[in-house]
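Subject: Structure for your files

Hello,

My notes on what was found in it come after.

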Amino acid sequence: ACKVPERGIELRDKFLGDLNRLNLAIENSRDKNRPKPKLLLLEGLHPPFDGGHWVLEMIKHAGAQIAMPTLVGKSHPISWEDINETDPDVLVVACCGFDLKRNVRDAFRANHRFSSLSSYSQNTIFAADGNTYFAFPGPNLVGGTAILARCAYQDQLTVLEAIDKLALSSVSIFDSRSGWHRVDFGAIGDVDDVEDLVKHDFSSVHDKACAAGDLTYTDPETGYSVMTEVAHKKRGTCCGSGCRHCPFKHEKVKDKSSRIQQPAFMYEGESEIFSVTKHEMIKVLFFSGGKDSFLALRAQVRKYKERPFGLVLLTTFDAQTRVIAHQNVHIDEVLRQSRHLDITLVGIPMHRESREPYVNRISRGLEMIQSKYGSKVSALIFGDLHLAHIKSWRDKELGALGFELEYPLWQVPYPVLLNDLEKSRVTFKVSASTKNGLSVGTSYTRQVHDEIQNDLTSSRDGFGENGEFHTIAQIWLVERDIVLGL
């Protein structure tokens with residue numbers, strides 16, 4: 001095409017020569033008594049996509065095994081279940097079109113997706129500059145191959161030294177030192193408070209654009225063009241894509257747990273008990289999926305027997321990670337609980353890239369509930385046990401919305417709560433922990449409570465009220481009527 005075939009042939013030969021010399025250096029220096037590491041490159045996270053096209057050849061030249069060898073040719077969408085089953089030794093996040101900084105950030109946000117992998121516990125998850133080294137065919141693919149080799153053989157100094165000694169003609173070897181980064185999930189720190197999830201300012205930019213009648217605005221963080229609510233209303237219907245400013249309650253979105261960006265109904269219950277269509281009075285239970293909100297739910301069943309009412313579960317979660325603050329539980333798990341209980345669930349994504357106040361987001365969700373059913377919400381229900389400062393904040397901020405606030409567990413003795421947990425026959429697993437000796441996945445039982453509560457060497461709370469741990473209620477393992485105490 002360029003009418004310089006000799007230069008093209010020369011460039012091709014240098015490129016292939018560099019790849020072969022890199023592969024030979026790795027083969028001659030790696031520990032032959034150990035298997036080649038299984039490596040998976042992800043060029044997408046939402047949903048996950050494997051690295052297709054030339055990436056598979058890059059993995060081979062990097063001296064690694066292709067973690068999912070059944071996938072050949074183009075990049076394919078894969079499930080997180082497939083990734084967990086494959087359990088690669090090394091995982092590289094190199095999303096198409098994104099630089100190193102963006103891929104590091106997105107890898108952190110997908111923390112909950114990686115936490116069950118061996119590579120997570122072994123600290124062999126990396127991010128790379130996908131845009132420079134993997135997305136486009138050209139000389140930089142040699143640098144990308146060297147990056148994969150460095151990630152795959154971080155524990156074999158002889159391999160790293162062999163790569164350093166190479167003088168590759170098609171790319172500076174120093175590029176392969178700066179285009180990647182180990183993702184240290186231990187540096188994430190504590191999960192943000194749900195009230196603190198909103199930090200940036202696309203909300204005000206959007207409001208100004210709407211006031212001006214603009215159809216789009218430029219996102220202050222990414223630089224992308226985003227459709228305003230004005231544009232969506234002009235179109236007149238939900239497109240089903242999970243748009244950031246959808247004014248139609250995401251009614252056509254199929255995979256709501258992954259895609260909604262505004263308050264939306266994630267599940268609508270059909271059973272008689274707590275029916276929001278058959279009872280005039282509607283209450284909203286703030287539900288995190290853990291033991292405290294579960295106990296608050298069982299308390300509502302007892303009240304329902306005295307006077308029936310409709311009930312909606314309301315869950316807030318991070319819009320990027322889809323994880324519930326503190327609980328370290330994905331919204332999928334709460335959706336699973338809601339379906340098993342057959343109780344309506346409203347999800348409210350909280351955007352880190354917006355400064356819209358937490359209370360405003362909650363108010364949007366409550367207005368949506370009232371608009372849909374034509375009934376005023378009579379009460380907001382919380383599973384708080386005894387932390388006065390949290391109750392005081394709710395009374396002041398959420399009480400100002402004009403709803404009655406109910407605290408059915410407030411100051412209830414722990415032995416009474418433990419008895420009710422045991423009556424439900426539900427297993428409660430620790431989903432997040434800051435307490436030494438209480439690891440994620442441990443079953444929370446009366447014995448565990450007693451050991452914590454009776455530890456005179458610390459001031460830890462047996463119910464984890466000081467943030468020592470959080471749980472997920474595995475409701476789906478027990479018959480619904482038993483779970484609810486019917």
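Helix 14 (residues 291–306) packs against helix 18 (residues 414–424) at an angle of about 80 degrees, and their axes are 11 Å apart. Axes here are lines fitted to C-alpha atoms, for helices over the stretch in contact, and angles run from 0 to 180 degrees between N-to-C directions. The two helices are therefore roughly perpendicular (65 to 115 degrees). Helix 14 contributes Lys-291, Phe-294, Leu-295, Arg-298 and Arg-302 to the contact, and helix 18 contributes Leu-417, Asp-420, Leu-421, Lys-423 and Ser-424 (contact means heavy atoms within 4.5 Å). Of these residues, four are nonpolar, one is polar and five are charged.

This is a predicted model, in which local features need pLDDT of at least 70, side-chain atom pairs count only at pLDDT 80 or more, and totals for chains, interfaces and linings use all residues. Residues are numbered from 1 along each chain as its sequence is written, and side-chain values use heavy atoms, with hydrogens and water left out.

Two backbone angles are also on the list. Most residues other than glycine have a negative phi. Asn-123, not a glycine, has a positive phi of about 60 degrees. Asn-123 sits in the loop between helix 6 (118–121) and strand 5 (125–128). Its relative accessible area is 30%, so Asn-123 is partly exposed (between 20% and 50%, with a 1.4 Å probe and protein chains only).

His-326 also has a positive phi, near 70 degrees. The loop that holds His-326 runs between strand 12 (323–324) and strand 13 (329–330). His-326 counts as partly exposed because its relative accessibility is 32%.

Regards

How values were computed
Helices (H or I, at least four residues) and strands (E, at least two) are DSSP runs, numbered from the N terminus. Angles under 35 degrees count as roughly parallel, over 145 as roughly antiparallel, 65 to 115 as roughly perpendicular and the rest as oblique. Ala, Val, Leu, Ile, Met, Phe, Trp, Tyr, Cys and Pro count as nonpolar, Asp, Glu, Lys and Arg as charged, and the others, Gly among them, as polar.
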